[in-house]
Amino acid sequence: MTVARGNSSVDRAAEGGAAAPDPAAREVLSTIELELAQLLRRAERTTAAGRAKSARAGGPPSGTLDRSAYLLLHDLLVDGAQNVNTLADHLGLDASTVTRQVVAMEKAGLARRTRDPADGRAVLVEATPQGIDELARHREMRTELYAEVLADWSRLDRALLGELLERLNDDLDTYKRGGRRVAD
């Protein structure tokens with residue numbers, strides 16, 4: 001199967017308006033499903049192996065953020081202090097889940113809750129300097145790891161992978177929210 005074969009974002013309808021079964025399109029979707037499952041498993045294993053390699057080399061104890069803390073800290077770094085509901089909306093999570101994660105991050109010194117200066121009744125979550133430093137260390141460790149993993153890929157292949165992963169994440173968010181992505 002080549003990428004060019006069946007390269008359409010819309011299923012072609014057979015005469016009479018019914019969608020024609022497309023075995024090539026189903027094969028592509030089946031491959032995507034399997035490769036994503038393997039990617040998620042392998043990414044976790046690769047990250048763990050990278051942390052172990054860094055520790056053996058006497059590197060700093062970084063890269064220990066769990067996925068939730070990593071994503072919350074990234075959102076706080078990019079968008080600044082936010083309330084729990086806004087964070088939950090950005091990450092597609094329930095506010096109670098984010099509250100539990102924020103409590104764990106506070107205990108670890110990665111985030112703190114403060115009163116909203118515009119509305120003293122509201123509470124904002126912000127990253128602490130320690131949280132920002134840990135996020136930077138974690139991202140650097142992961143960037144070095146993926147530089148090693150993708151060392152034989154061209155710059156174009158790396159850029160394309162980044163674009164396609166970003167698009168997939170956007171489409172997954174849209175799907176979860178009940179919307180449909182508009183074709184480019």
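Visitor: To get oriented, how many helices and strands does the protein have, and in what order do the elements run?

Guide: The secondary structure of this predicted model comes to six helices and two strands, and from the N terminus on the elements run α-α-α-α-β-β-α-α.

Visitor: And what share of the residues is buried?

Guide: Buried residues make up 18% of the 184 residues in the protein. As for contacts with a separation of 6 or more, residues 24 or more positions apart account for 44% of them.

Visitor: Let's go to the strands, then. How do β1 and β2 run, and how many bridges join them?

Guide: β1 and β2 run antiparallel and are joined by six bridges, and the two strands form a hairpin with two residues between them. Within this pairing, arginine 112 stands opposite glutamate 126 in β2.

Visitor: Where does aspartate 116 sit?

Guide: Aspartate 116 belongs to strand β1, which covers residues 111-116.

Visitor: Buried or exposed, and which side chain of opposite charge is nearest?

Guide: Aspartate 116 is buried yet has no salt bridge, and the nearest side chain of opposite charge is that of arginine 121, 9.0 Å away.

Visitor: So what does the side chain of aspartate 116 reach?

Guide: The side chain of aspartate 116 reaches the backbone nitrogen of alanine 118 at 2.9 Å. If residues up to four places away in sequence are not counted, aspartate 116 touches Ala122 and Leu124.

Visitor: How many salt bridges does the structure hold?

Guide: The structure holds six salt bridges. One of them joins glutamate 44 to arginine 67, with the closest N and O atoms 2.2 Å apart. That pair links distant parts of the chain, since glutamate 44 lies in helix α1 (residues 23-56) and arginine 67 in helix α2, 23 residues apart.

Visitor: What about the accessibility of those two, glutamate 44 and arginine 67?

Guide: Glutamate 44 is partly exposed, with a relative accessible area of 43%, while arginine 67 counts as exposed at 54% relative accessibility.

Visitor: And which side chain meets glutamate 106 in a salt bridge?

Guide: The side chain of arginine 113 meets that of glutamate 106 in a salt bridge, at 2.6 Å from N to O. Glutamate 106 is partly exposed, with a relative accessible area of 26%, and arginine 113 is also partly exposed, with a relative accessible area of 38%.

Visitor: Switching to α2: how many residues does the helix have, and what does it reach from its first C-alpha to its last?

Guide: Helix α2 (residues 67-79) has 13 residues and reaches 18 Å from its first C-alpha to its last, which is close to the 18 Å expected at 1.5 Å a residue.

Visitor: What's at the ends, starting with which residue caps the N-terminal end?

Guide: The N-terminal end of α2 is capped by aspartate 66, a side-chain oxygen of which lies 3.1 Å from the backbone nitrogen of serine 68. Just after α2, glycine 80 takes a positive phi of about 80 degrees.

Visitor: Which residues of α2 are buried, and what covers them?

Guide: The buried residues of α2 are Ala69, Tyr70, Leu72, Leu73, Asp75 and Leu76. What covers the buried residues of α2 includes helices α3 (84-91), α4 (95-107) and α5 (129-149), together with strand β2 (119-127).

Visitor: What polar contacts does the side chain of threonine 128 have?

Guide: A polar atom of the side chain of threonine 128 lies 2.5 Å from the backbone oxygen of glycine 109, and the side chain of threonine 128 also reaches the backbone nitrogen of glycine 131 at 3.0 Å. Not counting residues up to four places away in sequence, threonine 128 touches Gly109, Leu110, Ala111 and Arg112.

Note on methods:
Residues numbered from 1 in each chain as written. Predicted model: local features only at pLDDT ≥ 70, side-chain atom pairs only at ≥ 80, totals over all residues. Heavy atoms only, no water. Helix = DSSP H or I, 4+ residues; strand = E, 2+ residues; numbered from the N terminus. Buried < 20%, exposed > 50% of the residue type's maximum accessible area, 1.4 Å probe, protein only. Lys, Arg positive; Asp, Glu negative; His and termini not counted. Salt bridge = Lys/Arg side-chain N within 4 Å of Asp/Glu carboxyl O. Polar contact = N/O pair within 3.5 Å; in protein donor to acceptor, adjacent residues only side chain to side chain. Contact = heavy atoms within 4.5 Å. Expected span 1.5 Å × (residues − 1). Pairing = 2+ DSSP bridges.
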